Amino acid sequence: MSKENDYIQLPPLRRDTDLKVVIALWEYVKMPEESRQKVLAFLNESEKNNPGGELPPLDYLQSLPVEDINDFDKVMGKIINDIIVEACDLACWVYVCKFIEGLSLEQIVDQNRSAEQFIAALFSMFDKYIDIPDNDSNNIRPS
């Protein structure tokens, strides 16, 4: 590593930035410049062609040396795993509140204002996809 590449620094971050995000940024910054540029170009192109949508196939990134992106890939995998677990936990909690405890949407949202939009979406999906006959609350099945 040359003298000018001996040091790396993250941009200023809010104190409440999730540690996993900080770790992901750190792993990205540690990648060789060429690999970082390819990843950034890929993400910018993806966002330009499909704003807010799914990422295109990752064939372009597969040309990067594994040792350059391995740590970054692991951190991102952990972040995605945590998002999935949190989403499942929230869905289970909303289900219990709605169907077991019989709470209204407003009552559930009052218990967790930080997830209001997600709670409303789950509540609506449960209304649409889960059919519970009035006479048998133990007979829950997808419609």
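In this predicted model, a search of the whole structure turns up zero disulfides. Cys88 takes part in none, its nearest cysteine sulfur being that of Cys92, 6.7 Å away, and Cys92 is likewise in no disulfide, with the sulfur of Cys88 as its nearest at 6.7 Å. Cys88 has a relative accessibility of 44% and counts as partly exposed.

Salt bridges, by contrast, are present, and the search of the whole structure finds nine of them. One of these joins the side chains of Arg14 and Asp16 at 3.2 Å, N to O; Arg14 is exposed at 65% relative accessibility, and Asp16 is exposed at 57%. In helix H2 (residues 33-49), Glu33 and Arg36 lie three residues apart, about one turn of the helix, and their side chains meet in a salt bridge of 2.2 Å, N to O. Glu33 is partly exposed at 42%, whereas Arg36 is buried at 18%. Glu34 and Lys38, which form a salt bridge with their closest N and O atoms 3.8 Å apart, are four residues apart in helix H2 and so are separated by about one helical turn. Salt bridges that share partners also join Asp110, Arg113 and Glu116 into one network.

Turning to the open spaces, the second largest pocket has a volume of about 380 Å³. It is lined by 13 residues, of which Asp82, Ile83, Glu86, Ala87 and Phe118 are the closest to its centre. Helices H1 (19-30), H3 (66-100) and H5 (116-129) each give two or more residues to this lining, with H3 giving the most, seven residues. The lining divides into eight nonpolar, no polar and five charged residues.

Terms used: Residues numbered from 1 in each chain as written. Predicted model: local features only at pLDDT ≥ 70, side-chain atom pairs only at ≥ 80, totals over all residues. Heavy atoms only, no water. 1 Å grid on protein atoms, 1.4 Å probe; cavity = no way out; pocket = protein on both sides within 12 Å on 5 of 7 lines; lining within 4 Å. Points joined across faces, edges and corners; volume = space filled by probe spheres on them. Nonpolar A, V, L, I, M, F, W, Y, C, P; charged D, E, K, R; others polar. Disulfide = S-S within 2.5 Å. Buried < 20%, exposed > 50% of the residue type's maximum accessible area, 1.4 Å probe, protein only. Salt bridge = Lys/Arg side-chain N within 4 Å of Asp/Glu carboxyl O.
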